[in-house]
Amino acid sequence: MKNDDRNGRPFLLRPFRALLLSALFTSPLALADYPERPIQLIVPWAAGGGSDAAARGIATALEKELGTTVNVVNRPGGGGVVGHTAMASARPDGYTLGFITGELNMLHWQGLTKISREDFTPLAMTNYDYPGVQIAADAPYNDVQSLLAAIKEKPKGTFSASGTGLGGIWHVAFAGLLLDQDIPPDQVRWIPSQGAAPAMVELAAGNLEIVPSSVPEARSMIDAGKAKGLAVVSPERNPAFPNIPTIKETIGSDYSLGEWRGVAGPKGMDPAVVEKLGKALEAAYKSDTYQDFMKKQGFGVEWRNPTEFKTFLAENDEYMGGIIEKIGLKK
Amino acid sequence: MSELIDGMLLVFNLQTMLVIVVAALFGVFVGAIPGLSATMAVALLVPVTFYMEPTAAIAAIITTAAMAIFAGDIPGAYLNIPGTPASAAYVSDASALGRMGRVRECLGTNLICSVIGGLAGTLVLIMVAPSLAEFALNFSSFEYFWLAVLGLSSAVFIAPGSPVKGFLSLMVGLLLATVGLDMVTGSPRFTFDVPDLMGGINFIPVMIGCFALNEVMKLYASRESASAAAKGDSAERHPQTGTVFGKVPGNLRKHWRNVTRGSVLGTLIGALPGAGADIAAWISYAVSKKRSKTPEAYGKGHLEGIVDASSANNAGICGAWVPALVFGIPGDSITAIVIGVLYMKGMNPGPTIFIDNAEMAYGLFTAFFVANLILIPIGYLAIRSAHIFAVTPAKVLMPIILAFCIVGAFAINNSLTDVWIMLACGVAAYLLASSDFPIAPAILGLVLGNILENNFMTSMIKSNGNLLAFFERPISAGLGALVALIVLFPLFTKAWLKYRKRPALQSAPQGGR
């Protein structure tokens with residue numbers, strides 16, 4: 001039973017789950033009435049962070065579309081393992097949904113969980129944040145070309161970077177950028193941190209050289225004149241930061257890899273519920289409430305419907321697996 | 001000037017004032033209930049702030065946090081159960097005072113100290129926030145490592161009774177802190193394939209178990225109090241005497257140095273990213289004990305340490321806003337949530353927040369003052385109504401507390417595993433406490449364990465394993481020397497006394513001066 005060991009309470013839950021499952025098959029779901037009670041949206045990150053804000057943004061808009069309460073529930077911890085596990089092991093009745101994030105396609109490659117994209121029913125991708133390349137304001141590099149050239153030439157370990165834990169999204173994304181430029185990823189030493197904010201502090205204190213987090217995460221330090229943004233690793237410039245060029249413009253690379261986020265349910269949801277939620281989420285995504293909210297925060301918006309999201313997840317999973325293997329974190 | 005008035009008007013209107021009063025009541029409720037913490041109160045508030053005006057939203061958060069931190073002292077004094085982690089440092093003093101019938105005096109002093117601490121923190125925030133934040137940015141992983149070591153040595157130092165048992169208790173806390181995903185290598189430790197443990201052991205359920213559940217078990221375990229509980233004569237445990245504020249002026253006059261020291265220390269520690277009101281309270285309690293003329297009275301119902309630490313924790317709440325507003329870097333777990341709300345409300349943190357958004361900044365400062373001042377009337381009402389803890393028979397009260405323990409442990413992360421952790425820690429704490437092991441060092445070990453380890457490891461990676469790097473930066477070297485001094489000081493004094501023994505005998509008349 002693959003499902004049981006990831007829950008950690010196999011003896012308690014096994015009979016329960018069978019009971020729930022049988023209830024699901026015998027009782028006809030009154031789909032026409034869905035949703036007839038509040039929906040829970042699990043976020044695998046803490047209240048107040050970027051993922052939390054993005055989730056609350058879509059939840060508020062979705063509330064208006066469905067006419068029912070959408071409660072955001074934070075389940076942080078374990079680099080996303082805790083929350084994603086809670087979502088995947090919920091009842092697939094459409095009343096417990098999750099806000100899945102890029103870590104879903106990374107954690108299982110590193111052997112940290114058995115949960116993967118196959119345990120979910122994708123509903124909508126609502127947000128995509130690209131990394132930037134931020135360095136200290138007094139660093140001698142003024143464009144990404146000279147920085148990358150220096151990384152290539154100088155001895156291994158001259159440069160340190162930070163922004164997430166080892167194997168976190170910004171580590172993998174930055175290592176991918178180095179690989180794309182034919183630079184061995186271990187040229188830059190990765191210093192694990194508990195997020196972009198502490199890394200920005202270390203950057204300002206002069207203890208590291210690069211923070212490849214998303215630009216909104218670095219915004220306050222850039223505004224404070226402590227850091228500068230050299231480039232965004234995305235196809236287009238971030239409208240909130242029109243002065244920062246893309247890597248396509250500067251080094252002609254098509255590489256892009258960032259943190260995606262979206263709504264999903266547990267595996268085995270009713271197709272009719274999926275369709276209804278897909279439509280409601282699309283309307284919520286297009287609503288002014290959501291678009292204004294995301295724009296104000298400087299978050300990137302990108303839409304994929306249930307089918308497109310599923311395809312995207314599969315491609316992204318393979319891609320992530322490749323990079324994680326190359327930087328030697330695959331288990 | 002018009003901006004100042006506009007800013008004040010943002011606060012002094014019916015709607016915002018109403019929000020502040022409601023937030024204060026909410027803060028009192030959450031803070032005073034064992035098991036529900038200040039961070040949780042703010043987290044619960046976030047969804048509600050979505051529908052508020054920016055100033056009202058921020059004012060609500062400030063008020064709730066300040067109120068909850070104070071109110072955490074109430075169950076500490078009445079039941080020996082700190083309502084929030086920031087009150088845990090001085091809970092044994094507060095409850096001892098409670099048993100002496102000085103519970104109102106203690107809480108009244110607490111309240112006024114909290115207000116003074118909060119106002120001091122606010123003044124610092126208004127006047128020197130940018131330069132203080134600039135200073136705080138000099139702290140990197142090397143400095144935080146030393147700060148954690150300093151905090152840990154204070155844990156052993158402030159523990160009443162045997163230092164060896166305090167040290168062992170600290171080790172239990174440090175062991176618990178190793179559970180979860182190791183930040184540096186990303187490998188899970190002691191998780192036993194339970195996904196919820198990947199995130200490590202949250203110290204709030206542990207604290208609830210160690211203090212609240214332990215207290216509940218203690219009551220039912222001892223035959224005397226169990227029969228007393230059955231009879232319902234718990235009022236005898238807390239004879240009610242005195243007014244709330246009657247003795248406060250006298251106490252403040254006597255301990256004004258402690259109030260000042262606690263407020264300053266609290267603000268500074270709060271302003272360091274990553275060290276919040278909890279650590280501020282612990283460190284100032286330890287400093288207070290070290291500098292006191294009567295350190296032996298600490299932990300047995302001595303007001304001095306309470307004055308220091310309760311000024312410090314409320315000052316720390318304000319201090320934490322310094323890096324949050326100036327650099328968008330959270331100073332503690334509450335401001336971590338606040339920063340999200342600030343962005344959402346279009347008040348982007350940055351050194352220019354005071355210039356670009358002057359009206360809003362003045363509104364924020366006004367909100368800080370109002371929030372801290374409203375502590376007085378609402379805190380007073382809370383202390384008066386806290387009498388309910390004393391008149392409610394223990395057999396009614398304890399099951400209710402147990403229920404809140406379970407709710408509080410669950411609610412912090414919506415996790416059932418946390419409830420089990422809470423229950424297990426309660427039983428463990430009961431066993432340890434009945435062998436005279438102090439519990440507080442274990443909590444501090446758990447709180448500081450991760451800070452200690454992560455900062456040590458990142459420092460080592462940064463310096464390529466060179467231990468001397470811990471003494472290469474000026475602030476880091478200073479903190480390191482301080483730690484060395486604290487650890488070696490007893491040895492020096494012993495050696496000195498031995499050396500001086502003979503001459504001291506000869507010059508006895510002079511020595512007696």
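Across all chains of this predicted model, the count of salt bridges comes to 22.

| Salt bridge | N to O distance |
|---|---|
| Asp196(B) and Arg75(A) | 3.4 Å |
| Arg117(A) and Asp317(A) | 2.9 Å |
| Asp308(B) and Arg261(B) | 3.2 Å |

**Salt bridge between chains**

Asp196(B) and Arg75(A) meet through their side chains, with an N to O distance of 3.4 Å. Asp196(B) sits in the loop between β2 (188-189) and α10 (203-221) of chain B, while Arg75(A) sits in the loop between β2 (70-74) and α4 (81-88) of chain A; the pair therefore joins two chains. Asp196(B) is buried, its relative accessible area being 18%. Arg75(A) likewise counts as buried, at 11% relative accessibility.

**Salt bridges within a chain**

In chain A, the side chains of Arg117(A) and Asp317(A) form a salt bridge at 2.9 Å, N to O. Asp317(A) has a relative accessibility of 4% and counts as buried.

In chain B, Asp308(B) and Arg261(B) are paired through their side chains at 3.2 Å, N to O. This pair links distant parts of the chain, since Asp308(B) lies in helix α15 (residues 303-319) and Arg261(B) in helix α13 (residues 256-271), 47 residues apart. The two partners fall into separate accessibility classes: Asp308(B) is buried, with a relative accessible area of 0%, whereas Arg261(B), at 25% relative accessibility, counts as partly exposed.

Salt bridges with shared partners also join Arg37(A), Arg91(A) and Asp93(A) into one network.

**Nonpolar cores**

The largest nonpolar core contains 171 residues, and the members that touch the most others are Ile74(B), Tyr78(B), Trp321(B) and Ile401(B). Helix α4 (residues 54-71) of chain B supplies the largest share of this core, with 13 residues. Leaving aside residues up to four places away in sequence, Ile401(B) touches Pro34(B), Leu79(B), Ile81(B), Ala212(B) and Val216(B).

Conventions
Residues are numbered from 1 along each chain as its sequence is written. Chains are lettered from A and ligands numbered from 1 in the order in which they are written. This is a predicted model: local features need pLDDT of at least 70, side-chain atom pairs count only at pLDDT 80 or more; totals for chains, interfaces and linings use all residues. Side-chain values use heavy atoms; hydrogens and water are left out. A salt bridge is a side-chain nitrogen of Lys or Arg within 4 Å of a carboxyl oxygen of Asp or Glu. Helices (H or I, at least four residues) and strands (E, at least two) are DSSP runs, numbered from the N terminus. Buried means under 20% relative accessible area, exposed over 50%, partly exposed in between (1.4 Å probe, protein chains only). A nonpolar core is a set of buried Ala, Val, Leu, Ile, Met, Phe, Trp, Tyr and Cys residues joined through side-chain atoms within 4.5 Å. Contact means heavy atoms within 4.5 Å.
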